[in-house]
Amino acid sequence: MRIVSGQFKGRRITAPKKLPVRPTTDMAKEALFNILNNLYYFDSVSVLDLFSGTGNISYEFASRGTEHITAVDENFGCIKFINETADSFDMTINTIKSDVFTYLEKAKTPFTIIFADPPYNFPLDEFSKIPDLVFKNNLLESNGVLIVEHSKHTKLSELEHYSHSKSYGGNMFSFFQIASDEEE
């Protein structure tokens, strides 16, 4: 995997093969960040990276100037790898070793962008817990967005707060937002 843009553009990151991960493809990641680049100034957002795995998404935000990044994963090897990589690039990424659902139940701080990349084989009820907990616990700023990465075979459009989806190869990004007054 490589960092697509920003201060560390083009830098390659090689994760240990033993990590239980499926990093977001460079093509899908580049498309996602093109969308986000039109919505936000990266140096003024706070980011929560759930099921962070290798930290691929966190590094991309950090490379683009985001300073408030929290990466959550339950795998110790993933957290260790993110910490080592962030240190080597002098990136500020706060890592938390936790089950994502436990973290979302206890979290109190809202974020501008929440990115979740759970295992593609999650059942729909597990996927639905992510937006349920984010919105129930007010973890998204009013102008914020929750983005859930999933397989094109998983349909999240019936979930509350769903806004739209974008497809890139076999990857889908579903966007969830707080409804504006005009939409309610």
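Reader: In what order do the strands of the open sheet stand?
Author: This is a predicted model, with local features needing pLDDT of at least 70, side-chain atom pairs counted only at pLDDT 80 or more, and totals for chains, interfaces and linings using all residues. Residues are numbered from 1 along each chain as its sequence is written, and side-chain values use heavy atoms, without hydrogens and water. Strands (E, at least two residues) and helices (H or I, at least four) are DSSP runs numbered from the N terminus, and two strands pair if DSSP finds at least two bridges between them. Pairing here is mixed, and the seven strands follow the order β3-β2-β1-β4-β5-β7-β6.

Reader: Why is one side of β3 and of β6 left without a neighbour in the sheet?
Author: β3 (93-97) and β6 (162-168) stand at the edges of the sheet. One side of each is left without a neighbour because each has a single partner strand.

Reader: What angle does helix α2 make with β2?
Author: Helix α2 (residues 56-63) packs on the sheet. The helix touches β1, β2, β3 and β4 (111-116), contact being heavy atoms within 4.5 Å. Axes are lines fitted to C-alpha atoms, for helices over the stretch in contact, with angles from 0 to 180 degrees between N-to-C directions. For α2 and β2 the angle is about 175°.

Reader: Which strands does helix α5 lie across?
Author: Helix α5 (residues 124-136) runs at about 175° to β5.

Reader: How many residues of β7 are buried?
Author: Buried means under 20% relative accessible area (1.4 Å probe, protein chains only). One side of β7 carries Asn 171, Phe 173 and Phe 175, and the other carries Met 172, Ser 174 and Phe 176. Both faces are covered. The buried count is six of six.

Reader: Which residue in β7 is the bridge partner of Tyr 162?
Author: β6 and β7 pair in the antiparallel sense over six bridges. Their hairpin has two residues between the strands, and Gly 169 takes a positive phi near 65°. Tyr 162 has as its bridge partner Phe 176.

Reader: How many residues does the largest nonpolar core have?
Author: A nonpolar core is a set of buried Ala, Val, Leu, Ile, Met, Phe, Trp, Tyr and Cys residues joined through side-chain atoms within 4.5 Å. Leu 36, Phe 61, Met 91, Ile 113 and Ile 147 have the most contacts inside the largest one. Its size is 33 residues.

Note on methods. Buried means under 20% relative accessible area, exposed over 50%, partly exposed in between (1.4 Å probe, protein chains only).
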